[in-house]
Amino acid sequence: MNHALAALVGLTLLLCGSVAALADLARQRQPRLRPPGGPSLTGAVWIVQAPGNRWFVNGEPVSRGRLPGLLGSQPAGSEIRFLPSARLPLGEVARSLAHLRAISPQPVGLALPEAGP
């Protein structure tokens, strides 16, 4: 009976240690969400165009008519990124990018989401 009790205690300790290690591994492997381009774009101005001529600047909805004022008020050296919706036709994306570059005193870069597998 002593041998069986020792084996049961050992198995219990092994099981408890495994469960504790799994919780630690799960906590370390949580995804870290970052904007496309990595941490160097902190402070950048993100302009998103959605279908239906809807525009967003840093997550806030804006009208297309307010874009020149918003872009003109950005300090020199600001990074401005244009992120079009994947549902927009290529021609519309090209026209919108050209429009943003024409009204912005700062360079406007095209930011595309990373391609999935």
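Reading the fold

Mentor: Begin with the order of elements along the sequence. In this predicted model, the chain reads α-β-β-β-α-β-α-β, with three helices and five strands in total.

Trainee: In what order do the five strands stand in the sheet?

Mentor: The general idea comes before the case. Strands of a sheet pair through backbone hydrogen bonds, and the pairing is either parallel or antiparallel. Here the five strands form an open sheet with the order S3-S2-S1-S4-S5 and mixed pairing. Strand S3 (60-62) and strand S5 (108-110) are the edge strands, each pairing on one side only. Between neighbouring strands of this sheet, the average turn is 30°, with direction ignored.

Trainee: How many bridges join S1 to S4, and do these strands run parallel or antiparallel?

Mentor: Strand S1 (residues 45-50) and strand S4 (residues 80-84) run parallel and are joined by five bridges.

Trainee: Which strands does helix H3 lie across?

Mentor: Helix H3 (residues 90-103) lies across S1, strand S2 (54-57), S4 and S5. Its angle to S5 is about 160°.

Trainee: What can be said of the chain as a whole?

Mentor: Look at contacts, then burial, then surface. Of the contacts between residues at least 6 apart in sequence, 62% join residues at least 24 apart. The chain has 117 residues, and 25% of them are buried. Its accessible surface is about 8400 Å², with 63% belonging to carbon and sulfur atoms.

Technical notes:
Residues are numbered from 1 along each chain as its sequence is written. This is a predicted model: local features need pLDDT of at least 70, side-chain atom pairs count only at pLDDT 80 or more; totals for chains, interfaces and linings use all residues. Side-chain values use heavy atoms; hydrogens and water are left out. Helices (H or I, at least four residues) and strands (E, at least two) are DSSP runs, numbered from the N terminus. Buried means under 20% relative accessible area, exposed over 50%, partly exposed in between (1.4 Å probe, protein chains only). Contact means heavy atoms within 4.5 Å. Accessible areas come from the Shrake-Rupley method with a 1.4 Å probe; for residues, only the protein chains shown count as cover. Two strands pair if DSSP finds at least two bridges between them. Axes are lines fitted to C-alpha atoms, for helices over the stretch in contact, and angles run from 0 to 180 degrees between N-to-C directions.
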